Amino acid sequence: MLQEDEKYKALRDQLRTLPRVKAKHDFEDRLMRRIREAESPSVKLSHTVTQPVIKHQPAKKSWLESLFRPSFVPALGLTVVLLVAVVVYFGYYSKLNKSDTSNTQQFVSSTNQGDLIIYVKKDGEDISSNYPKEYSAVDPVDTRSGEYAPAPTETSTDYFAKPDPSRITNTPELKPDRVSEEQKIEMQRSVDMDKDKGVDVKGERKSDDVIMKKESKGLFKTETKSEMKKETSEPKKKVSDEKKNIFIDEESPNVNQEQKANDKVEDNLSNEDETGNRISRATKKDSTRNKSESEADDKETIQQK
Amino acid sequence: MAPSKEGINTKRLTDEELIFNFQEGDTGAYNEIVARYKDRLTNYIYRYVGNYDDCDDIVQDTFVKVYTSKHLYKEIAKFSTWIYTIAINLAKTKIVKAQKYKTFSISDVYDDENKDFDLPDEAYGGPEVDANSKFLSAHIQKALDKINENYRELVVLRDIEDFSYEEIVDMTGLPMGTVKSRINRGREKLQELLKDIYKEE
């Protein structure tokens, strides 16, 4: 420390030689004035201590006045508004929502024409009054007419659900659109005419019968896969037989024998078909005769009358 | 000033004895304290602040504080340390306020040669103070004003008021190393600023 002081000795001497600045002459007077000013509040307090202190007691306010102070007005207003909003929400709005969801039920029904009709059922309302007239002329309540099944009163909107078996109407099976009796008679007449003329109608009739049989099978029988296979396989056999007929080998007697046996079987079958056809024709003729006879009898009865 | 109630010669009492007497209600002791420290504090504060009016206000405030807060002094430190600490803190507060609300006088606009210095003429003790010493003191004060206030505070305490390092540590509350380094840096900068004077010498 001393070394450092000696290092700056010249500077230190210079600073020490600086003239000393003294306070002003009236320093003490001004100081006393300021001290008195600082002491004055405490002095006043000491004088007032002797006098009885009368505390200012504010008048007691009622709790209503304290509650409805001007500073509390915005807060009170806000709370009132919030309370009203809560009451309205829980008292009315929720009810409205419930009524919207529970009372109204949507029903969807489809007409025969393929149109989709959506109608709403409300509580206490008869759905029949809202029932679309274009659906059916029959009143769904009316059960007198058994021929027309009443339209479903309600249809679920679940389109993926399985259909209700009770709703499915049993439509009578349609008879196949076959050749009418008159056409059959005409056909029979033409065959008879051809027979009389000497025209061989065997092949044509055979093919017609086969077609008729096939049609009848297809229409009235539910074909299983096995039957389908059989049907598909039968013509193949025939084709193979024909091929066998085409490629006859003279050197193989067994094959000829088998061919001959097959031919015999076919002839028998054809004979049976012919007999069957004759029987059917006879029955048909009888039926036509009976019809003509009955018509003649009717005419006679009318004439007699 | 009111004389001592007990009529004791307060001039022989130490500073600490005076403040204890004042704490007991002896206003004469307070007057003696004011008489002893008013010039010392004025000189120190003037070198630190650089303005005589501000210096006077600060010293007045310091004595008012001693008067109102006499009960706070305890015999832990020297009374001089305690009263200088009060004065330094008040001076720092004043400087901070002056920097916050900075004002400038019209005299600052002119050159340094035309600048007025706030040195009271009567403080120099009369006709023996010649113009050279007046100019020299003004030049040193200008140099002091230019250095950092942290360095200036410690340099003034050490080299002008001649306090020991320990006393400075007590006053400022700074570590010894910080006090020494700051004093040395302040001296270096002051020496640089006062180069011309040393060359002439």
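This is a predicted model: local features need pLDDT of at least 70, side-chain atom pairs count only at pLDDT 80 or more; totals for chains, interfaces and linings use all residues.

Colleague: OK, how many helices and strands does chain B have?

Modeller: Nine helices and zero strands, taking helices as DSSP runs of H or I with at least four residues and strands as E runs of at least two, numbered from the N terminus.

Colleague: And how much of chain B is buried?

Modeller: Buried residues are 43% of its 201. Buried means under 20% relative accessible area, exposed over 50%, and partly exposed in between (1.4 Å probe, protein chains only).

Colleague: Switching to the interface: how many residues of chain B are in contact with chain A?

Modeller: 46 residues of chain B, against 26 residues of chain A, with contact meaning heavy atoms within 4.5 Å.

Colleague: How many salt bridges between chain B and chain A?

Modeller: Eight, counting a side-chain nitrogen of Lys or Arg within 4 Å of a carboxyl oxygen of Asp or Glu. Six helices of chain B each supply at least two residues of the side that touches chain A: helix 2 (27-49), helix 3 (52-68), helix 5 (131-146), helix 6 (149-160), helix 8 (176-193) and helix 9 (195-200).

Colleague: What does Arg12(A) pair with?

Modeller: Asp159(B), with the closest N and O atoms 2.8 Å apart. That pair runs from helix 2 (residues 9-16) of chain A to helix 6 of chain B. Arg12(A) and Asp159(B) are both buried.

Colleague: What about Asp53(B) and Lys24(A), where do they lie?

Modeller: Their side chains meet in a salt bridge at 3.8 Å, N to O. Asp53(B) is in helix 3 of chain B and Lys24(A) in the loop between helix 2 and helix 3 (27-50) of chain A, so the pair joins two chains. Asp53(B) is partly exposed at 45% relative accessible area, and Lys24(A) is partly exposed at 30%.

Colleague: How far apart in helix 2 of chain B are Arg36(B) and Glu32(B)?

Modeller: Four residues, about one turn of the helix. They form a salt bridge at 3.1 Å, N to O. Glu32(B) is buried at 12% relative accessible area.

Notes
Residues are numbered from 1 along each chain as its sequence is written. Chains are lettered from A and ligands numbered from 1 in the order in which they are written. Side-chain values use heavy atoms; hydrogens and water are left out.
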